[in-house]
Amino acid sequence: MLRVMRTVFAWETLDLLRDRRALFFLFAVPLLVPFLGAIAGMFVLWQVARQTDEGIPIVVVNGEQLPGLVDRLEDLRILELVAMPSDPEEALQSGELVAVLEIPPDAAEALEAEEQVALNLTSSRNGWLPDFAVMAIESALDDYGDVVLTERLVRRDLDRGWLEPIRLEREIAAPAGVAAASVTGDAFPSSLGSVFLPLAVASWAFSGGLNLVASMTVGEKERRTMESLLVTPASRIGVVLGKIALSILASAITVGLWSLDSLGYTFLLSTLPAGFSGLTSSFVGQMGSLGLVVVWLVLLMLPFMTMTNAFVAAVCAFAKNYRESNLFLGVLQLLLPGMALLAVFGVGASPPGAVYALPVVGVLVAMRDLFGGGIAPGMLVLAWVAAALYAVGAVLLAAYVFSREWALMRGV
Amino acid sequence: MIETQELTKRFRKIVAVDGVSFTCRDGEVFGLLGPNGAGKTTLLRLIASVLEPTAGAALVDGLNARKEGARVRARVGLLVESAGLYDRFTPREHLRFYGRLQGMGGAQLEQRVEAVLEMLEMVDFADRRAEGFSAGMCRRVVLGQALVHDPPNVVLDEPTAGLDVMSARNVRALVARFREEGRCVLISTHLMDEAQRLCDRVAIVHKGRLQALGTPAELVAQTDASSLEEAFVCIVGAEQLRADLWEEQRAPRWYQFWRRLKRSLKGRSREQPDA
């Protein structure tokens with residue numbers, strides 16, 4: 001059986017390697033997307049760098065009133081403080097000037113009197129540069145305002161606690177021993193991981209091998225090679241296992257590539273300057289523990305992918321032709337993301353153990369909890385064992401369907 | 001040797017093969033004749049253990065096709081009538097793949113692949129991908145797949161269908177060679193001329209049943225016909241009439257009345273223009 005499996009695996013692998021269209025959708029798309037993203041990102045960074053060198057031209061009116069604020073604005077390399085042009089409105093419209101920050105002429109006195117000072121900011125509508133300028137000015141204002149506030153509090157013998165009478169301190173309680181919080185750390189962008197990851201894994205695992213499995217099973221009927229295959233004494237279980245093995249490998253590579261893309265983007269986002277990295281600011285600090293999460297993720301994904309691919313193989317082996325298999329797969333394509341949504345939003349926190357043993361939902365809930373609230377080690381193992389058993393069941397189902405004449409001879 | 005004993009195959013309500021028994025000896029070319037849908041292909045699939053019989057048995061060299069399917073398939077080379085090819089592979093790769101699935105490998109497989117390529121005159125296009133092959137080229141590759149493991153029993157479903165004159169002649173020569181080599185050759189065809197020239201014995205199959213069995217000369221003599229084709233028409237036509245009558249007698253009374261009414265109405269409408 002192993003010999004047959006190896007022969008079929010090698011044959012299907014060669015077929016896949018020669019199928020440029022399939023290769024493109026399976027592997028080139030995930031490789032191209034970050035490449036295109038990188039080009040776009042580099043273009044944006046180049047534009048930012050160019051402006052940083054030259055500086056985005058802004059005018060500060062009455063700057064002598066708040067020298068501390070002007071110092072902070074000058075410290076920001078992205079801004080260039082220029083003299084007031086003769087016609088500021090025209091300069092703003094032409095893009096020669098990006099923003100005008102107007103400080104009231106009595107701002108220093110007002111601050112001394114502990115009053116509120118209202119500054120006026122006028123910016124142009126010239127592309128995305130004004131947004132960068134406004135963000136930089138706001139950041140300098142926040143910084144300066146903080147200093148002024150601290151001075152006022154000190155003058156009145158008060159501290160920052162006086163301004164915030166109630167403060168929320170948040171902790172994530174992971175179940176004793178293992179999982180989420182202790183693995184990922186409570187600063188991991190858990191909302192992203194716990195919501196999008198199960199959905200994405202469900203889609204990737206399914207889409208990665210779907211067309212490949214269809215081509216390897218119902219495709220045999222379409223190109224009328226099925227009977228030639230059945231005429232050989234080769235073990236039919238060996239044949240189906242060889243086909244499933246390749247689809248799992250292709251799915252794993254596709255999922256791996258997409259996952260690397262995601263990690264790469266998250267890493268890139270986290271390295272951007274303050275103000276751009278709000279979502280993932282803590283990600284880099286978590287890279288060490290991320291390895292453990294990836295191990296768990298792979299452990300959960302492998303039986304999940306085996307199950308989906310084997311199930312698709314069983315369905316496609318039964319189908320008469322591509323048209324019929326597309327009908328079956330259309331239902332599955334709706335069902336799987338539906339189950340992923342159910343797993344993410346429909347199942348409450350700390351569900352009973354039986355939920356982790358459910359097909360499809362169990363693994364997805366485990367993934368959600370791994371990146372979200374946390375999961376007990378026993379439950380993680382339960383989810384994995386259940387997923388592995390379902391995977392074995394799906395492979396047996398595929399092997400059963402592939403050895404039945406009522407399935408194989410449909411449409412032949 | 002191939003032997004069938006009361007071989008029967010039902011697909012739900014349809015009886016595709018109905019109690020067929022015959023023996024095809026080693027060194028003999030045995031022809032299965034029958035109109036389209038007679039059950040010839042199903043019969044060949046049952047013998048090659050692709051399908052499981054509903055009743056009866058198919059024996060290949062004494063091995064039961066149902067119980068020892070893999071061993072039977074190793075001893076049979078089945079040329080499938082409507083088989084296709086993998087577009088992205090060459091004929092040489094096809095033969096290697098099917099040889100490996102037959103359990104062959106190494107130098108033995110390579111030698112056999114070369115021999116089959118030469119035997120079927122495929123050397124010229126042996127390393128060209130199958131995409132765009134003509135029907136005749138495809139047929140030769142599929143025949144090669146069936147013969148790559150050098151089977152003692154060769155089952156050919158419409159072996160010359162889609163082939164040009166020269167290729168068809170070569171296949172007929174090949175069949176004659178198989179007979180000389182002592183192989184058991186079972187051929188399904190609806191070409192009477194081919195059957196008369198190639199087959200030592202023929203069986204006429206109609207509606208899943210064996211209607212007649214014997215040498216072409218015996219069948220011609222039995223029916224007082226001048227050729228095998230006439231004998232075939234005589235046997236199949238008589239059986240068709242018998243089957244229609246039988247069906248009519250079995251039908252409910254209202255259906256018999258409806259058929260009579262329809263027939264008389266048809267007759268009247270044909271008469272009217274003359275009237």
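Let's start with a sorting rule: Ala, Val, Leu, Ile, Met, Phe, Trp, Tyr, Cys and Pro count as nonpolar, Asp, Glu, Lys and Arg as charged, and the others, Gly among them, as polar. What you're looking at is a predicted model, where local features need pLDDT of at least 70 and side-chain atom pairs count only at pLDDT 80 or more, while totals for chains, interfaces and linings use all residues. Residues are numbered from 1 along each chain as its sequence is written, chains are lettered from A and ligands numbered from 1 in the order in which they are written, and side-chain values use heavy atoms, with hydrogens and water left out.

Grid points are joined across faces, edges and corners, and a volume is the space filled by probe spheres set on the points. By this rule you get 4 cavities of 30 Å³ or more.

The largest cavity comes to about 100 Å³. It has 13 lining residues, and Ser228(A), Val231(A), Leu78(B), Gln145(B) and Ala146(B) are the closest to its centre. Sort that lining by class and you find 8 nonpolar, 5 polar and no charged residues. Two elements of chain B, strand S6 (76-79) and helix H5, each supply at least two residues of this lining; here helices (H or I, at least four residues) and strands (E, at least two) are DSSP runs, numbered from the N terminus. The largest share, 3 residues, comes from H5(B).

For the second largest cavity, head over to chain A. Its volume is about 50 Å³, and of its 13 lining residues, Met307(A), Val360(A), Val363(A), Ala387(A) and Tyr390(A) sit closest to the centre. Helices H13 (287-318), H16 (361-371) and H17 (377-402) of chain A each give two or more residues to the lining, with H17(A) giving the most, 4 residues. By class, this lining has 12 nonpolar, 1 polar and no charged residues.

The largest pocket holds about 980 Å³ of space. There are 42 residues lining this pocket, and Asp19(A), Ser215(A), Arg223(A), Tyr322(A) and Arg88(B) lie nearest its centre. Among the elements that each supply at least two lining residues are H1 (2-18) and H2 (20-54) of chain A, along with H5 of chain B. H9(A) gives the most, with 8 residues. The lining has 20 nonpolar, 10 polar and 12 charged residues.

So how does H5(B) pack against its partners in chain B? Start with H3(B) (residues 91-101): its axis and that of H5(B) (residues 135-147) come within 9 Å and cross at roughly 25 degrees. That makes H3(B) roughly parallel to H5(B), since angles under 35 degrees count as roughly parallel, over 145 as roughly antiparallel, 65 to 115 as roughly perpendicular and the rest as oblique. Axes are lines fitted to C-alpha atoms, for helices over the stretch in contact, and angles run from 0 to 180 degrees between N-to-C directions. Contact, meaning heavy atoms within 4.5 Å, is made by Pro91(B), His94(B), Leu95(B) and Tyr98(B) of H3(B) and Val141(B), Gly144(B) and Gln145(B) of H5(B). By class, that's 4 nonpolar, 3 polar and no charged residues.

H5(B) also packs with H6(B) (residues 165-180), at an angle of about 15 degrees and with the axes 12 Å apart. These two helices are therefore roughly parallel to each other. The contact brings together Arg140(B), Leu143(B) and Leu147(B) of H5(B) with Ser167(B), Val171(B), Leu174(B) and Phe178(B) of H6(B). The classes here are 5 nonpolar, 1 polar and 1 charged.

Finally, go back to H3(B) and look at H4(B) (residues 106-119). Their axes come within 10 Å and cross at roughly 130 degrees, and the two helices are therefore oblique to each other. On the H3(B) side the contact includes Arg92(B) and Arg96(B), and on the H4(B) side it includes Glu110(B) and Glu114(B). In total, this contact has 5 nonpolar, 1 polar and 5 charged residues.

Key. 1 Å grid on protein atoms, 1.4 Å probe; cavity = no way out; pocket = protein on both sides within 12 Å on 5 of 7 lines; lining within 4 Å.
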